[in-house]
Amino acid sequence: MTFLPKSAEARQELVTLLIAIPLSLVGTSFLFFLLEAGSRAAAI
């Protein structure tokens, strides 16, 4: 049970999204970087 108003709840979800979306993009680009680096290492 929470005593926070709905606006504080929505604000927390917005902050979570603003943090999660860039982190997921960074993680995805890091995975693509690893794939590319692995294919380059295999080509040498």
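Colleague: How many helices and strands are there in the chain?

Modeller: In this predicted model, the chain has 1 helix and 0 strands. Helix α1 covers residues 6–43 and includes Leu31.

Colleague: Why is Leu31 called exposed?

Modeller: The relative accessibility of Leu31 is 54%. Exposed requires over 50%, so Leu31 counts as exposed.

Colleague: What makes a nonpolar patch on the surface, and which residues form it?

Modeller: The patch consists of Phe30, Leu31, Phe33 and Leu34, which together have about 430 Å² of accessible area. A residue needs over 30% relative accessible area to be part of a patch, and Leu31 is at 54%.

Colleague: How do you know that Glu36 forms a salt bridge with Arg40?

Modeller: The closest N and O atoms of Glu36 and Arg40 are 2.8 Å apart. The cut-off is within 4 Å, so the pair qualifies as a salt bridge. By this rule the count comes to 1 salt bridge.

Colleague: What separates Glu36 and Arg40 in helix α1?

Modeller: Glu36 and Arg40 are 4 residues apart in helix α1, which means a separation of about one helical turn.

Colleague: Why is Glu36 called partly exposed, and why does Arg40 count as exposed?

Modeller: Glu36 has a relative accessible area of 39%; this value lies between the limits of 20% and 50%, so the term is partly exposed. Arg40, at 55% relative accessibility, passes the limit of over 50% and therefore counts as exposed.

Colleague: What share of the chain counts as buried?

Modeller: Of its 44 residues, 2% count as buried, the criterion being under 20% relative accessible area. The chain exposes about 4,200 Å², with 75% supplied by carbon and sulfur atoms.

Definitions and conventions: Residues numbered from 1 in each chain as written. Predicted model: local features only at pLDDT ≥ 70, side-chain atom pairs only at ≥ 80, totals over all residues. Heavy atoms only, no water. Patch = residues over 30% accessible without salt bridge, like charges linked within 9 Å, V, L, I, M, F, W, Y side chains within 5 Å. Areas by Shrake-Rupley, 256 points an atom, 1.4 Å probe, with all protein chains shown as cover. Salt bridge = Lys/Arg side-chain N within 4 Å of Asp/Glu carboxyl O. Helix = DSSP H or I, 4+ residues; strand = E, 2+ residues; numbered from the N terminus. Buried < 20%, exposed > 50% of the residue type's maximum accessible area, 1.4 Å probe, protein only.
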